[in-house]
Every structure is written in C-alpha cells, then in structure tokens.
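Please find below my notes on the model. They are meant to be read beside the coordinates.

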Amino acid sequence: HTSPLSFIPEFVIENICEHLLMVRRFNPAHFEQVGPKLGSILMVILGFIDQPGLVRNPHLRARLAESLECLLPCHEVQGQPNNLGSYQRQALFQDHKFSMRIAPAILHVFVSIEETGHAVQFEQKFSYR
C-alpha cells in the first residue's frame, strides 16, 4: 500500500520548509494570525518526518525539523519580553491531537541523521544538533 504522500516531489517539501523559515524571519506574527490553520501545517510536517520512506534525504528531514521549530511559541529572549504573542502556537503544542507525536518524531530524525554514513559530514551533523 503506497501512501499518496509518496507522490509529492521532495522539492515541494523543500519549498514548504523555505516558506515557513522565511515567514518566521520576516513576519513571525503571521503564525498567530493564521490560528487554527497551524494544525494543518503541523500535520504536514509530522507526516513527512514520521515516515522516513517518504523523505530519504537526511538534510531535508532536518529542514522539516527546523520548520517545526518555526511553530514553537515565542519566549522571552535575554530579558526582552515577547511582543508577538504566542497563544495559537502554545495551543498547537498543548492541544493538537498529534502533539504527543512531536518529540518522538524529532528524536527519530536526529538519531537517523547521526546514524547516516559519510553522506552527512561531521560539521553538518553538528549544525543539526
């Protein structure tokens, strides 16, 4: 039985990751504005992280984990208060039906990166950590 997700080219997944990273960099408040739609983004990311057969490229799997970081609630940084708010992102990680799958999925990604052979150099593994 083949998953329909297996027909999505990896460059599309890469584009999704890049988009999320750009939104975080240039308009992080947008994550709060989309509210409940964050759950769909989380499900897409988890869908590809959780199934290593769908994304074989270890660099792309690490990018998915980095994209997941975009959804994390904002916290105080060096004593400066967070002015963006993070209610929607907190609710995502606390109340979403798949929130308990996040930690095991991330651990699996990084353990699999560590176990890869020479395809991923030490410096790259270190940056993913």
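1. Basis. This is a predicted model, in which local features need pLDDT of at least 70 and side-chain atom pairs count only at pLDDT 80 or more, while totals for chains, interfaces and linings use all residues. Residues are numbered from 1 along each chain as its sequence is written, and side-chain values use heavy atoms, with hydrogens and water left out.

2. Overall make-up. The protein chain has 7 helices and 0 strands; helices are DSSP runs of H or I with at least four residues, strands are E runs of at least two, and both are numbered from the N terminus. Of its 129 residues, 33% count as buried, where buried means under 20% relative accessible area with a 1.4 Å probe on protein chains only, exposed means over 50%, and partly exposed is in between. Among contacts with a separation of 6 or more, 64% join residues 24 or more positions apart; a contact means heavy atoms within 4.5 Å.

3. Helix α3. This helix (residues 38–49) has 12 residues and reaches 16 Å from first to last C-alpha, close to the 16 Å expected at 1.5 Å a residue. The expected span is 1.5 Å times one less than the number of residues. Its buried residues are L38, G39, L42, I45, L46, G47, F48 and I49. Their cover includes α1 (10–26), α2 (30–33), α4, α5 (87–95) and α6.

4. Helix α4. The 13 residues of α4 (residues 58–70) should span 18 Å at 1.5 Å a residue, and the end C-alpha atoms are 19 Å apart, which agrees. N57 caps the N-terminal end, with a side-chain oxygen 2.8 Å from the backbone nitrogen of H59. Buried in α4 are P58, L60, R61, A62, L64, A65, S67, L68 and C70.

5. α3 against α6. The axes of α3 and α6 (residues 102–115) come within 10 Å and cross at roughly 45°. Axes are lines fitted to C-alpha atoms, for helices over the stretch in contact, and angles run from 0 to 180 degrees between N-to-C directions. The two helices are therefore oblique to each other, oblique being what is left after under 35 degrees (roughly parallel), over 145 (roughly antiparallel) and 65 to 115 (roughly perpendicular). L42, L46 and I49 of α3 make the contact with I102, A105 and V109 of α6.

6. α4 against α6. Here the axes are 10 Å apart and the angle is about 150°. From α4, P58, R61, A62, A65 and L68 meet I102, I106, H108, V109, F110, S112 and I113 of α6.

7. L68. What does L68 touch, leaving aside residues up to four places away in sequence? The partners are L42, I45, F93, I102 and I106. L68 lies in α4 and is buried, with a relative accessible area of 2%. L68 and L21 are 47 residues apart in sequence and 9.4 Å apart in space, C-alpha to C-alpha.

8. E32. A polar atom of the E32 side chain lies 2.9 Å from the backbone nitrogen of Q88.

Terms used: A polar contact is a pair of N or O atoms within 3.5 Å; within protein, one must be able to donate a hydrogen and the other to accept it, and residues adjacent in sequence count only if both atoms are side-chain atoms.
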